[in-house]
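The sequence and the model come first.

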Amino acid sequence: MEEDELKIIVERIRDPDPDIQNNALSMLFDITKSSHSKSIDTINFQYLADNLPVLEDVCREVTGDTRRRLCDIISAICVIDDERKLLAYRVEGNVIDLKEWGHLYVKKLTECIANAKGGKMDFPFEKTEYVGRKCIDFLFKHNAEFEAIDFLVEIGGIEMILDYVDTHNYNRIVLYLEDMCSFIELSDVILGIYLKMNDHSRYVVGLIRRQRIREAIEYVRNIEDKDYKKQCLYILARCDLYYETSDRKERHILSNGHVKDVYRSVAAELEIDKPSKMDGILKGFKYDKDIKQLASIAIANGFVHMGYGRDPMFLPQEGDHRVPLNYETILGCDVPDLISIFGSIGVIESWNSEKVMETLQEHIFADTSHRKTGSLLGLALSGLKNFEERPAILALLSNNLQSTSIIHVIATLLGIESMFSGTQSEEVRELLQPLMFSDSSEVVFFTAFTLGSVFCGSADEDLTSLMLQTFVEKEKESETQFFRFLMLGLACLFYRRKDVECGIMETGSTLSKHEGILIKGFQYVGTGDSNVIESILTDSFTGDTDALLESVGLLSCALVSIGDETSSQMVARIVSSSLLLDSSHLRSVLPLCYSLLYPSNPQVNVLDILEKSLNIGETNCIISTIVSLGLIGAGTLNSRITKILDQQYSYYYKDSKVLPMLKIAQGLVSLGKGLLSISPLCFDKTTFMPKNIIGLFSTVFMLLDSSISPLVSSHTYMFFLLPQACTQKYVTCSEKINIRVGHPINTVGMVGEPKKLSSVQIHTSPVVLNEKTRAETDENVCSSYIEDVLILKKN
């Protein structure tokens, strides 16, 4: 561009004739635009930038539309120079469509507006509103939703996104916003988008994830479409949420009355409904001598056949592989092992409490004995998710709380905890609160755990005060294993309640610091917050070595990291690095941390580490490693874990502590014959189920000093804490449909319609998913989450 050319354009812009002005502006616009379309440092563009003062002088002389168009052109020329002028002239003009200048210009303009909002630029942000709106329009029209969202977040106008969401960009936008939730609170916006798009399943799950339970229930009540309502009822039932309704079919779903039939029909279709032989678990078992092993074998048998209704050991049917046991002798002696045996019958008959009542009725209504207590525990475990049966079962259990024997009371409390965890039941509070003043400290501590589990996440002031009082009064017993149940109960009250302070540090008791760290872990479950992890580690490892404090700190870090892949990897490295301190307690806690980070999710590198841990000749470490292998492999039928556990038999077949744990771990690996998982995450690993977290964490926490843990020494039946942590991992539908199964791909921030799965295989429903796979379907189902029970939308 020549100097004379620019002079002519300037002169013509000053011409009073509108047509001549327009022609001159068009020439200047074409020159500027052609520079933008090639490169911002072309000769023409640089020449215009150098002569910007001349154009600014002209701009001050002209008026009306001519001035506004010239302002827009000057703003475009300022893209490589003065940011304030770029924004100021665009605000003054704002008549030329942004698409004429392209993406680079809009990106620069949004940066200037964000700087004005943040005070980095001396320009009134209020004047940029209309220009900002035009930028957002441009970005959404040109498939740059992610830049638009970032811009809206920076200027504090994220609510405006609701105007731009449509079927074309919906999935990309909500995926990006859900990922951003780790850094900024966007819950209301995301839920608003779900509502706008009538995505009932995501909206209900979104409310549950944010612990807005009443809103979720009320929303499901008011859904008019029968198919979508039925789908959402299945979602509520899976999360153990219930509401009273006069509709019999709705009540049946909400009380999980469907689970037994669906579960067994899936097993039948997959041809795994026949009882397993359990050769590995029964290896070396001498039926006439090893009566003491029966408890662990019964628990393992319960895990393997959970929900199938066929017990080949204690209630064999025709065609079952019989175990030659002398049932009359076993049932005739009133020993504590019977609690585990009868409890396992309830686990095998999960979701079918009527059958358990029919089978064990003779013992349930008998005088107090281990048979009766075990039968009541079995009845409670069978009604774990059945809301309609709970009042009747609770009435039967409550009578057994009057027993003078500690083991009977604790086993009964375990049944109540399993059924009512997370329900906030006032009836349970009235029943159990008097036990907090029992003469037996063990009963007091386990009652505290039960109440904490029932009122999980409530931060109930009365219960908090009562437990803090107990914490101080029973300080002399803080060294006992059962005191840890009190610690668990108090921590459960603050599950995901970052907004509430406990006040434990003010008590000044011996374990107040330990409890404070445990509570912090529960408050930040699954957040993956690196600052919280750093704070916990600092509090745990600063000062003199305290074995329990360091162990609790590492477990709390694992609790914070559950479900967050990056955070889990970080904590796993921290835990393995702690071994450099060469402490016995750290070697024991390492497997337990892994079992929290990777439940039902075997990782090759983790199995390598755990296999090496088995070579350490410390009983605590060996027991925690064996149980952790069972938890990590729970329901996966993992061949490597099975082989590792089988190899341990030759080393520990005479060890009265290790051998029972080995058999229970073997049972866990075959949990539900592969139909069940103990992962606390569901709905595409986005939502935590508190009941599952409590069942898993309490089992792990009580194994800290595993050789003297109640789970190992005297109360083996406490492994029945785990059934409440179990979830079904099958996908089935009201009709046969094709389902694609593969490994999930992270598509956050990707434009277009990228594939969400890799290594895809197509199956006909039902299918079984593991922790590393996801499913999708082209059929018109009523849920965005392809898991559990699906309803096919009728046209």
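Helices (H or I, at least four residues) and strands (E, at least two) are DSSP runs, numbered from the N terminus. The model is predicted, and local features need pLDDT of at least 70, side-chain atom pairs count only at pLDDT 80 or more, while totals for chains, interfaces and linings use all residues. Residues are numbered from 1 along each chain as its sequence is written, and side-chain values use heavy atoms, with hydrogens and water left out.

**Backbone geometry**

Most residues other than glycine have a negative phi, and most peptide bonds are trans. The bond between S765 and P766 is a cis peptide bond, with omega about 5 degrees. P766 is placed in the loop between β7 and β8.

Q211 is not a glycine but has a positive phi, near 60 degrees. This residue sits in the loop between α12 (200-209) and α13 (213-221). For accessibility, buried means under 20% relative accessible area, exposed over 50%, and partly exposed in between (1.4 Å probe, protein chains only). Q211 has a relative accessible area of 38% and is partly exposed. E271 also has a positive phi near 60 degrees. Its loop runs between α16 (259-269) and α17 (279-282), and E271 is exposed, at 70% relative accessible area.

**Strand pairing**

Strands of a sheet pair through backbone hydrogen bonds, either parallel or antiparallel. Two strands count as paired if DSSP finds at least two bridges between them.

Strand β6 (residues 738-744) is antiparallel to strand β7 (residues 757-764), and six bridges join the two. In this pairing H743 stands opposite S758 of β7. Strand β6 also runs antiparallel to strand β9 (residues 774-776), with three bridges; here V741 faces A775 of β9.

An open sheet of three strands has the order β8-β5-β10, and its pairing is mixed. β8 and β10 (788-790) are the edge strands, each pairing on one side only. Strand β5 (residues 730-733) pairs with β10 in the parallel sense over three bridges, and T732 stands opposite V789 of β10.

**Salt bridges**

Side chains of opposite charge can pair when their charged atoms come close. A salt bridge is here a side-chain nitrogen of Lys or Arg within 4 Å of a carboxyl oxygen of Asp or Glu. The structure holds 31 salt bridges. Three of them are listed below.

| Pair | N to O distance |
|---|---|
| E56 and K85 | 3.3 Å |
| R640 and E611 | 2.9 Å |
| E771 and K685 | 3.7 Å |

In the salt bridge of E56 and K85, E56 belongs to helix α4 (residues 52-61) and K85 to helix α6 (residues 83-92), so the pair ties together parts that are 29 residues apart in sequence. E56 is buried, at 9% relative accessible area, whereas K85 is partly exposed, at 28%.

In the salt bridge of R640 and E611, R640 lies in helix α36 (residues 639-652) and E611 in helix α34 (residues 604-613), so parts 29 residues apart in sequence are tied together. R640 is partly exposed, with 28% relative accessibility, and E611 is partly exposed, with 30%.

In the salt bridge of E771 and K685, E771 lies in the loop between β8 (767-768) and β9 and K685 in the loop between β2 (681-682) and β3 (687-688), so this pair ties together parts that are 86 residues apart in sequence. E771 counts as buried at 17% relative accessibility, and K685 as partly exposed at 31%. Salt bridges that share partners also join E145, R172 and E753 into one network.

**Charged patches**

Patches are made of residues with over 30% relative accessible area and no salt bridge: like charges are joined within 9 Å, and nonpolar side chains (Val, Leu, Ile, Met, Phe, Trp, Tyr) within 5 Å. Accessible areas come from the Shrake-Rupley method with a 1.4 Å probe; for residues, only the protein chains shown count as cover. Lys and Arg count as positive and Asp and Glu as negative, while His and the chain ends are not counted. The place of a charge is NZ of Lys, CZ of Arg, CG of Asp or CD of Glu.

A patch of negative charge on the surface gathers E111, E147, D150 and E154. Helix α9 (residues 145-155) gives the largest share of the negative patch, three residues. E154 is in helix α9 and is exposed, with a relative accessible area of 52%.

K226, K230, R248, K249 and K794 form a positive surface patch. To the positive patch, α14 (226-238) and α15 (248-254) each supply at least two residues. R248 lies in helix α15 and counts as exposed at 60% relative accessibility.
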